[in-house]
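Me: I have a model open here and would like to go through its fold. Could you take me through the helix packing and then the sheet?

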Amino acid sequence: MDRTFDDLVEEAASVSVDGWDFSWLDGRATEARPSWGYARLLAGRMATAEAALDIETGGGEILAGVPKLPPITVATESWPPNLALAARRLRRRGAALVADDEQPRLPFRADAFDLVVSRHPVHTWWAEIARILRPGGTYFSQQVGSRSVVELSEYFLGPQDGSGRAPEKARAAAEQAGLTVADLRAESLRMEFRDIGAVIYFLRKVIWIVPGFSVGRYRKELRELHERIQEDGPFVARSTRFLIEARA
């Protein structure tokens, strides 16, 4: 690539990172997808539900893409830039959006939903999910697993633990809340970052990989990583994902 470090940094530092659309990375970064196909499985469950809640909907991208939504469909989101995106998308589909800090207590009555879903939640409040699920209802979620993209985190921050999001910990927490785990699967997936702009964009968008990340704060490390990518090829990391389905 003949673009300079400064060119790549300036571009990636100025582009919008609102929502959860990662198409800006096309041709610049890749991430393998879990074999189970979350969007397809989600569509099947939504098609038979009566009342569904999508927690931490982001910009509403996944929910708006479901072919058939339940008669009652609600989503929550807390980040202001995402709220505007999600409101536009979901309004067209007849779904309601609730601005919520997504901390207990969730702003819904007990037994309100027969399906609660969430893709990549920051936290899963199991007791609250159990409270708002109807008897026999389902929680269905694809989550970030332990030590996901740890190679990138450790490049900037040094050694990290990252074991707190292990799938078996999610199972234990779900069962402690009174839910029955019907399915639990996990996969490790290859990621490649092909230029430093892709790294910057990713870290600006996925803010928990390097908390407090900014170009100014890590400019020295970014330049060194830019030179490494130019000399050795893409920076390779592993993302981890798990799928969990639990029933009330």
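Me: How are helix 8 and helix 9 oriented to each other?
Reply: Helix 8 and helix 9 are oblique to each other, a term for angles that are not under 35 degrees (roughly parallel), over 145 (roughly antiparallel) or 65 to 115 (roughly perpendicular). The axes of helix 8 (residues 196-205) and helix 9 (residues 219-232) cross at roughly 135° and come within 9 Å. Axes are lines fitted to C-alpha atoms, for helices over the stretch in contact, with angles from 0 to 180 degrees between N-to-C directions. Helices (H or I, at least four residues) and strands (E, at least two) are DSSP runs numbered from the N terminus.

Me: Which residues make the contact?
Reply: Helix 8 contributes Ile-196, Val-199 and Ile-200, and helix 9 contributes Leu-222, Leu-225, His-226 and Ile-229; contact means heavy atoms within 4.5 Å.

Me: What about the model itself?
Reply: It is a predicted model, where local features need pLDDT of at least 70, side-chain atom pairs count only at pLDDT 80 or more, and totals for chains, interfaces and linings use all residues. Residues are numbered from 1 along each chain as its sequence is written, and side-chain values use heavy atoms, leaving out hydrogens and water.

Me: Now the sheet: what is the strand order?
Reply: The open sheet has eight strands in the order 1-7-8-6-5-2-3-4, with mixed pairing; strands pair if DSSP finds at least two bridges between them. Strand 1 (29-31) and strand 4 (96-99) are at the edges with a single partner strand each, so one side of each lacks a neighbour in the sheet.

Me: How do strand 2 and strand 3 pair?
Reply: Strand 2 (residues 51-54) pairs with strand 3 (residues 72-77) in the parallel sense, over four bridges. Leu-53 has Val-74 of strand 3 as its bridge partner.
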